[in-house]
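Subject: A structure for you to explore

Hello,

I am passing on a structure for you to look through. Please open it first, and then read my notes below with the picture beside you.

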Amino acid sequence: MDNIIFELKNVSFSYLGKYPALRGIDMAIKKGQKAAVIGANGTGKSTLLEVLDGLIFPDSGTVKTFGEELTESALADKDFLRNFRSKVGFVFQNSDVQLFCPTVKEDILFGPLQLGLSPKEANARLEALMEIIDIRVLLDRPPHHLSMGEKKKAAILSSLAIEPEVLILDEPTAGLDPATVRQIIDAVIDANSFGKTIITATHDLHIVEEIADIVYVFGSDRRICRYGDAAEILKDTEFLKANNLVHIHSHRHKEQIHIHSHSHIEHHVP
Amino acid sequence: MSNSNRFIERSIMGALSFLKEAIYADEYASRKGFLQGLDPRIKAVTFILFLTQILLTKSVIVLLFLYALCLLLAKISRIDLWFFLKRTWVFIPLFTLFVAIPSLFSAFSPGEALITFKIFGINFIITRQGFQGAVLFVARVITSVSFAVLLSITTRHFQLLKVLRIFKIPQVFVMVIGMCYRYIYLFVEIIENTYRAVKSRAGASIHYKKGQSIAAWNIAYLWARSYQLNEEVYNAMLSRGYSGEPVVSDDFKAKAKDWLWLFCVSLMFIAAAAYL
């Protein structure tokens, strides 16, 4: 039981009390696990991640983190808040939201300084992070001067700077070029190899196998319609198709029209 | 394209290019020049001394000397003088002269007549005192604006914001200004993209009524977007441990040349005060 980082029981959430975003979610994320939350657009993935990060609170059901209930009143306690924030890092889908400081360096230092580290310690962390993704040339630049990929790297480093036990990522590879995607996946896998728990929301099935051992699939009714081993779920093309996660792909190879479902697994078939 | 459309296009593009020019100015702040190499805190203090000097002096000679010094500082800080003059002289002649013109005349500044002329039978007299006052006023405005612009273009904006803290301005306030600056660019991008999207779909000519409704709708959309962004950014801050009191690092380091510069400017300030 101590091994469980997040435990959700029958969690439901609706925006403005009338637009349901999550319905009856049960989930248990273990320490050191790589979990992916997949689903089509608007199925509640981002909302779930915000619940896990204590940014919004469920209408009903319970969320436990590190054995304690995660509620608004629990986060009002300074010790609990500092403890929780130093253990959980969140990479937002929109990097512009996450990079709010005048320079990239200040953005990376923001978390450690808020959590009580001295400037010297925070700078030491910054140096260590440059070994993971080297963005030294970007440190003094304002975030609005960066490309989308550079912003994403800076956003991930700003979350890693707090040295969290859990890293939550919302669509970390959306809209990025293949080289940047590779760099980000490597950084995530590297973080997991050091014992960090990784929770990623995505609908990019190409990356799921690498960044997840366990997959939770969200259906259009905002419920978890299936969960289990990543490889098993990725093989079930019919199920993925039914949940808008793969589509029929038609393209021309020389003189032949070639039709197949556009899923990750086919790319590995010789 | 109708004239009204061109007016909207010119306004949008003018505003956007002004903001982009601000980004371009950041390039000057990153050049390796004299002022860029100074500690921003010391630089700000010395510029305040210059501005105080400008406000206190009643001598046009001292103002001209300070203006020449300002241009020299711009030159040794590798600022393109034409760019600098354009930036400082665009609004000054317009606004300052409008304010200064009435003070030329005897009705506002009585004294010794310098020039007398008649318009529609009314006698206008420009007095020596009025002329001297107007020259002093314009020289004072030009010199102070030039120093203020020089400080802002040779210092990166985030360093300027940090400098505000030495004047005991609360960190929250400094942070909010920084975020405003940061997110203005995001909205500029949205406006630019929206304008292009409208242009690509509607072609070159849009009926002005349609144009008005598109503009109104976009203002409303931007307002809604800024409201949403406000909430999202606050969540991003909370997520990284923000609890109402921002903490930031201060990595300024004053060197010997900064202290020497402060000493020279202070000496100049004291000497000028004694002379006056």
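**Where the two chains meet**

The contact draws on 33 residues from chain A and 34 residues from chain B. Keep in mind as you read that this is a predicted model. Between them, chain A and chain B bury about 2700 Å², and 59% of that lies on carbon and sulfur atoms. Which residues of chain A lose the most area to chain B? They are A:Phe100, A:Gln114 and A:His144, which together make up 24% of what that side buries.

There is also a charged pair to look for here. The count between chain A and chain B is one salt bridge. In a salt bridge between the chains, B:Arg240 pairs with A:Asp107, and their closest N and O atoms are 3.3 Å apart.

**Salt bridges elsewhere**

How many salt bridges does the structure hold over all chains? The total is 17.

One of them joins the side chains of A:Lys9 and A:Glu7, with 3.8 Å from N to O. A:Glu7 has 14% relative accessibility, so it counts as buried.

A:Glu131, at 63%, counts as exposed. Through shared partners, salt bridges join A:Glu127, A:Glu131, A:Asp134 and A:Arg136 into one network.

Chain B has ten helices and two strands. Follow the sequence and you will read the pattern α-α-α-α-α-β-β-α-α-α-α-α. Of its 276 residues, 38% count as buried. Chain B exposes about 16200 Å², and carbon and sulfur atoms supply 70% of that area. Among the contacts in chain B with a separation of 6 or more, 74% are between residues 24 or more positions apart.

Which residues of chain B form a nonpolar patch on the surface? They are B:Leu97, B:Phe98, B:Val99, B:Ile101 and B:Phe137, with about 490 Å² of accessible area together. Helix H5 (residues 92-104) of chain B gives the largest share of the patch, four residues. B:Phe98 lies in that helix, H5. Is B:Phe98 buried or exposed? Its relative accessibility is 61%, which is over 50%, so B:Phe98 counts as exposed.

Now find B:Val135 in helix H6 (residues 128-154) of chain B. B:Val135 and B:Leu97 are 38 residues apart along the chain, and their C-alpha atoms are separated by 9.6 Å. B:Val135 is partly exposed, with a relative accessible area of 31%.

**Cysteines**

A disulfide is a covalent bond between the sulfur atoms of two cysteines. A search of the whole structure finds zero disulfides over all chains. For A:Cys101, the nearest cysteine sulfur is that of B:Cys180, 14 Å away. A:Cys101 is buried, with a relative accessible area of 5%. For B:Cys264, the nearest cysteine sulfur belongs to B:Cys70 and is 17 Å away. B:Cys264 is partly exposed, with a relative accessible area of 38%.

**Two backbone angles to check**

Most residues other than glycine have a negative phi. A:Asn10 is not a glycine, yet it has a positive phi of about 50°. A:Asn10 lies in strand E1 (residues 4-15) of chain A and is partly exposed at 49% relative accessibility. A:Phe66 has a positive phi as well, of about 45°. Look for A:Phe66 in the loop between strand E4 (60-65) and strand E5 (68-69) of chain A. A:Phe66 is partly exposed, with a relative accessible area of 24%.

Happy exploring!

Definitions and conventions
Residues numbered from 1 in each chain as written. Chains lettered and ligands numbered in written order. Predicted model: local features only at pLDDT ≥ 70, side-chain atom pairs only at ≥ 80, totals over all residues. Heavy atoms only, no water. Patch = residues over 30% accessible without salt bridge, like charges linked within 9 Å, V, L, I, M, F, W, Y side chains within 5 Å. Areas by Shrake-Rupley, 256 points an atom, 1.4 Å probe, with all protein chains shown as cover. Salt bridge = Lys/Arg side-chain N within 4 Å of Asp/Glu carboxyl O. Buried < 20%, exposed > 50% of the residue type's maximum accessible area, 1.4 Å probe, protein only. Disulfide = S-S within 2.5 Å. Contact = heavy atoms within 4.5 Å. Buried area = accessible area lost by both parts, 1.4 Å probe.
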